[in-house]
Amino acid sequence: MERENRFWRIVLLALPLAVFAVLVVWPLFSSFYYSFTNWNGFDSRYEFVGFRNFAKIYTDKLFLNAAINTAIWMVAAILLPTLLGLGLALLIDSRIPGGTIFKSVFYLPICLSAVVVGQIWVWIYQQDWGLLNTVIWTVTGERPAIAWLAKPETALGSVIVAWSWQQTGLSMVIYLAGLVSIQEELLEVCEIEGASAWQRIRLVIIPLLTPATIVVIALSVINSLKGFDILFIMTGGGPFHSSDTLAMHMYNESFRKYLMGYGSAISVVLFLIALTIIRIYFRQLRKLDEIHG
Amino acid sequence: MADPGGFDHSGGGAAADAAIGPAPRPFDPWPATIFVILLCLAVLFLAPTLGVLLSSIKTTREIAFGELWMFPARIYLGNFAEVIANPAVHRYFVNTFLVTVPATALSITFGVLAGYVFAKLPFKGGNLLFLAIVSGMFFPPQVILIPLFRLFNGLGLIDTLWPIIFIHTAMGIPICTLLMRNFFATVPGALREAAILEGANEWQVLTRIALPLSLPALAVLATLQFTWIWNDFLWPLIFTQSDEKRTIMLGIVNLKGQYSVAWGVQGALSLIASLPTLIVFLFFQRYFIKGMTMGAVKG
């Protein structure tokens, strides 16, 4: 019996594991390898340069700039979609009519591509007839001449808002799934004991939603590391690198300047950051398991 | 709590009814307030999408005069005609289907195979291997970009659709394995044992018992994978160069130059490009949301 099981394990796992190993695991280790070379993307020859690419990271002002922007993006990603998603989930969960329709409306942006979302928001920020300037014009009576995406001070923030618009639906459905698992009796007890709605949310519901919050924050942070497509479409990292992220910087160095060795070093750093976040995430989940049994 | 009286604008009628009824309840303003707040937020959330819709049925002239965000006096269909008549758009669509359909099918197939082993044929170190595969979901694709570029460059497959199909297949394995393992774990083991006693082999158990039971899970994965692969931008950006091989999302960006101030055409183009995923979303929304939350919570 066990011999047969072993046979089927090998037969069934062989193909998926082989594909995964060749196209995901091996490239991951290769990235480490190339990060110690000066490969330019086309020559078959390249040299080993030791830690020179990593030393360059320390002195590369654009890397520091991209790292800071990625950090800003992460903080915004933790705050905006999480709080908005939680708020929407709580509102929808209060059993108002049309809940399903509201859910679809807030969730819809998730199924749009970054290219389409980017285009929509480029129009919102458009200087002459964009929605944002039109609204400001109507409210203040003064015609604003702000090109939101073309100014270094506003470019990154503008893209983050667009991105949050798309991500909020995701955190909302995760919170809604979390809310379903909260026992009805518990909330009824709160009501009988005379807790106000606000107390109920703050002292009972939000603490019980901790697992959902961990998932939402982890997803937001990880997705913010992937922040590339929408930036590429909306600003291309500009103006003057003011909206560069690490993913964007990696692309620029590798596929615009053809510094694939250096690009690999940046991707190694990206990998290490992602690994750290994933480890924290799994540790938090395990802690929760220990608390709740 | 849902209080139907909350939507009675007069309030008096509800109070009078309550006085006759057994349990008098004070007028609760909350449901109505929440409804109004949600309605406002919904309008705010829909505004961007609505903008594209509105732009697509307007002439460039109207948009340039700042009328993009208003409802049009009449519907102009010239933008859609322009997009539909463009042979490049047909090509982009065909290319995107050529990538999306096989990559979706292959990644789900591999997920089924691996997920079945992890759920029904556990082995020493299996959990660790499973975790290693699943964690692949979390890494930015940039991490494996350069070696893959070198690999497919060496194979002479740059500017073909092959690398994109292969990579999406491989990158889909983590989520597909995760969801299928979790699903197969809920299929009673007794079913498998009974079949094996009757002389069935593992392949027959998988294809004749486990798979027919797992149609909902397959639907979840199909919607998720289809949407992600259809919408992808990075991999076609890296691996395709000529316009003949572009997928729709890159095609849109390419055509921006051609229709640089024809915003209405751009709007129609975005809408048509999103149509397949919008249709999937409308019909399979339940599965889509389920997949997102399942993948997220169990990961």
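# Notebook: salt bridges, rings and the A/B interface

I opened with A:Glu253, which forms a salt bridge with A:Lys257, the closest N and O atoms being 2.8 Å apart. For this term I took a side-chain nitrogen of Lys or Arg within 4 Å of a carboxyl oxygen of Asp or Glu. A note on the model: it is predicted, so I kept to pLDDT of at least 70 for local features and 80 or more for side-chain atom pairs, while totals for chains, interfaces and linings use all residues. Residues are numbered from 1 along each chain as its sequence is written, chains are lettered from A and ligands numbered from 1 in the order written, and side-chain values use heavy atoms, with hydrogens and water left out.

**Entry 1: the salt bridges**

I looked up how the two partners of that first bridge sit. A:Glu253 is buried, at a relative accessible area of 3%, whereas A:Lys257 is partly exposed at 47%. My cut-offs here, with a 1.4 Å probe and protein chains only, are under 20% relative accessible area for buried, over 50% for exposed, and partly exposed in between.

How many salt bridges are there over all chains? My search of the whole structure gave four.

I checked another one in chain A, where the side chains of A:Lys151 and A:Glu153 meet at 4.0 Å, N to O. A:Lys151 is partly exposed, with a relative accessible area of 34%, and A:Glu153 counts as exposed at 62%.

In chain B I found B:Asp243 and B:Arg91 joined by a salt bridge of 2.9 Å, N to O. This pair links distant parts of the chain, 152 residues apart: B:Asp243 is in the loop between α12 (234-239) and α13 (248-258), and B:Arg91 is in helix α5. Helices are DSSP runs (H or I, at least four residues), as are strands (E, at least two), and both are numbered from the N terminus. Both partners are partly exposed, B:Asp243 at 27% and B:Arg91 at 28%.

**Entry 2: the aromatic rings**

Next I counted ring pairs and got 39 aromatic pairs over all chains. Rings of Phe, Tyr and Trp (its six-membered ring) pair if their centres lie within 6.5 Å; planes under 30 degrees apart are stacked, over 60 edge-to-face, and the rest tilted.

I picked B:Tyr116 and B:Phe184, an edge-to-face pair at 5.6 Å centre to centre with 85° between the planes. They are 68 residues apart, with B:Tyr116 in helix α5 (residues 87-120) and B:Phe184 in helix α8 (residues 162-185) of chain B. Both B:Tyr116 and B:Phe184 are buried.

Why is the pair of B:Phe226 and B:Trp230 stacked? Their planes lie at 20° and their ring centres are 5.7 Å apart, so I filed the pair as stacked. The two are four residues apart in helix α11 (residues 215-231) of chain B, which puts about one helical turn between them. I noted both B:Phe226 and B:Trp230 as buried.

I also followed a cluster that ring pairs build from A:Phe228, A:Phe232, A:Tyr251, A:Phe255, B:Phe149 and B:Phe233.

**Entry 3: two single residues**

B:Thr277 lies in helix α14 (residues 263-298) of chain B, and it is buried at a relative accessible area of 1%. Leaving out residues up to four places away in sequence, B:Thr277 touches A:Cys111, B:Phe226, B:Thr227, B:Trp230 and B:Asn231. Contact here means heavy atoms within 4.5 Å.

Is A:Arg286 buried or exposed? I found A:Arg286 exposed, with a relative accessible area of 52%. A:Arg286 belongs to helix α13 (residues 260-292) of chain A.

**Entry 4: where the chains meet**

I listed the contacts across the interface: 87 residues of chain A against 92 residues of chain B. Together the chains bury about 8,200 Å², 81% of it on carbon and sulfur atoms. Buried area is the accessible area (1.4 Å probe) that two parts lose on being put together, summed over both. On the chain A side, A:Leu12, A:Trp123 and A:Trp129 lose the most area to chain B, together 9% of what that side buries.

Helix α1 (residues 2-34) supplies the largest share of the chain A side, 18 residues. I found zero salt bridges between the two chains.
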